[in-house]
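User: I would like to learn how to read a structural model, feature by feature. Please give the general idea first and then the case at hand.

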Amino acid sequence: MEVLVIGAIRVLGSLPVLRWAFVGGLIAVFIDLSDLLWMNLLDLGGLGDYQQFDKIVDQVYQLTFLWVALHWTGPARTISIALFAYRLVGFIAFEITGERAILLAFPNVFEYWFLFVASLPHWRPRFGFRRWETAIWLAVLTAMKEFQEYALHWGKWLDSFTFVEALEAIWDFVSGPFT
């Protein structure tokens, strides 16, 4: 039952991107992260292999991102398709092997790229997708995503925390100087 409830939350959380690319994308990413909270709050039988579940339901929001990106033009669209395809190869390899290290070799840069492009009308509407500028942004986004993938899948920094414990640790760190 927990798989169905959290799966439904993840699917529903993916839909706003179809109406509002940037804000909907942020909602989808936030909902993606929230399943750890739901796992802590619900006691409906668990999720079994969480990594496999997560990567499968990730495909839902990735497909909504792709649907929106297919309506873009030029480099924004081309790069989106290439990054989606690259991550899809990694997803399939991960499903076959179960090796989390594969996710480092195939980081989900598509997610960050999508959010970057969807944000442009809000802060940089005249972004020209010049090669050098696009390459720099792709390098920055890739570095950020590699760090996240390392922390989650190789370093497994959050594997020993519940969501609530992680929030408490962050709160203690932030509020420490003031107490």
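User: Is K145 buried or exposed?

Analyst: Keep in mind that this is a predicted model. The general idea is to compare the relative accessible area with a cut-off, and buried means under 20%. K145 has a relative accessibility of 4%, so K145 counts as buried.

User: Which residue does K145 form a salt bridge with?

Analyst: Side chains of opposite charge can pair when their charged atoms come close. Here K145 pairs with E111, and the closest N and O atoms are 2.8 Å apart.

User: How many salt bridges does a search of the whole structure find?

Analyst: The search finds seven. One of them joins D58 and K55, with the closest N and O atoms 3.6 Å apart. Both residues sit in helix α3, three residues apart, or about one turn of the helix. The general point is that an α-helix has 3.6 residues a turn, so residues three or four places apart point the same way. D58 is buried at a relative accessible area of 5%, and K55 is buried at 5%. In another salt bridge, the side chains of R124 and E133 meet at 2.5 Å, N to O. R124 is partly exposed, with a relative accessible area of 28%, whereas E133 is buried at 6%. Salt bridges with shared partners also link R10, D32, K55 and D58 into one network.

User: How many helices and strands are in the chain?

Analyst: There are eight helices and zero strands. Along the sequence the pattern reads α-α-α-α-α-α-α-α. Of the 179 residues in the chain, 40% are buried. For contacts between residues at least 6 apart in sequence, 68% join residues at least 24 apart.

User: What should the 24 residues of helix α4 span?

Analyst: Helix α4, residues 74-97, should span 34 Å, and its end C-alpha atoms are 35 Å apart, which agrees. The same check can be made on α6. Its 15 residues should span 21 Å, and its end C-alpha atoms are 20 Å apart, which agrees.

User: How many residues of α6 are buried?

Analyst: In α6, 12 of the 15 residues are buried, so this helix is largely enclosed by the rest of the structure. Among them are E111, W113, F114, F116 and V117. For α4, the buried residues include A76, I79, L83, F84 and R87.

User: What is phi of F129 near?

Analyst: Most residues other than glycine have a negative phi, and most peptide bonds are trans. Phi of F129 is near 55°, a positive value in a residue other than glycine. F129 is in the loop between α6 and α7 and is buried, with a relative accessible area of 18%. G98 is partly exposed, with a relative accessible area of 47%.

User: Where does N108 lie, and which residues does N108 touch?

Analyst: N108 lies in the loop between α5 and α6. N108 is buried, with a relative accessible area of 3%. Not counting residues up to four places away in sequence, N108 touches Y61, Q62, R87, K145 and E149.

User: Which residues make the nonpolar surface patch of about 450 Å²?

Analyst: The patch is made by L12, L15, L18 and W67. L12 lies in helix α1 and is exposed, with a relative accessible area of 59%.

Technical notes: Residues numbered from 1 in each chain as written. Predicted model: local features only at pLDDT ≥ 70, side-chain atom pairs only at ≥ 80, totals over all residues. Heavy atoms only, no water. Helix = DSSP H or I, 4+ residues; strand = E, 2+ residues; numbered from the N terminus. Expected span 1.5 Å × (residues − 1). Buried < 20%, exposed > 50% of the residue type's maximum accessible area, 1.4 Å probe, protein only. Contact = heavy atoms within 4.5 Å. Patch = residues over 30% accessible without salt bridge, like charges linked within 9 Å, V, L, I, M, F, W, Y side chains within 5 Å. Areas by Shrake-Rupley, 256 points an atom, 1.4 Å probe, with all protein chains shown as cover. Salt bridge = Lys/Arg side-chain N within 4 Å of Asp/Glu carboxyl O.
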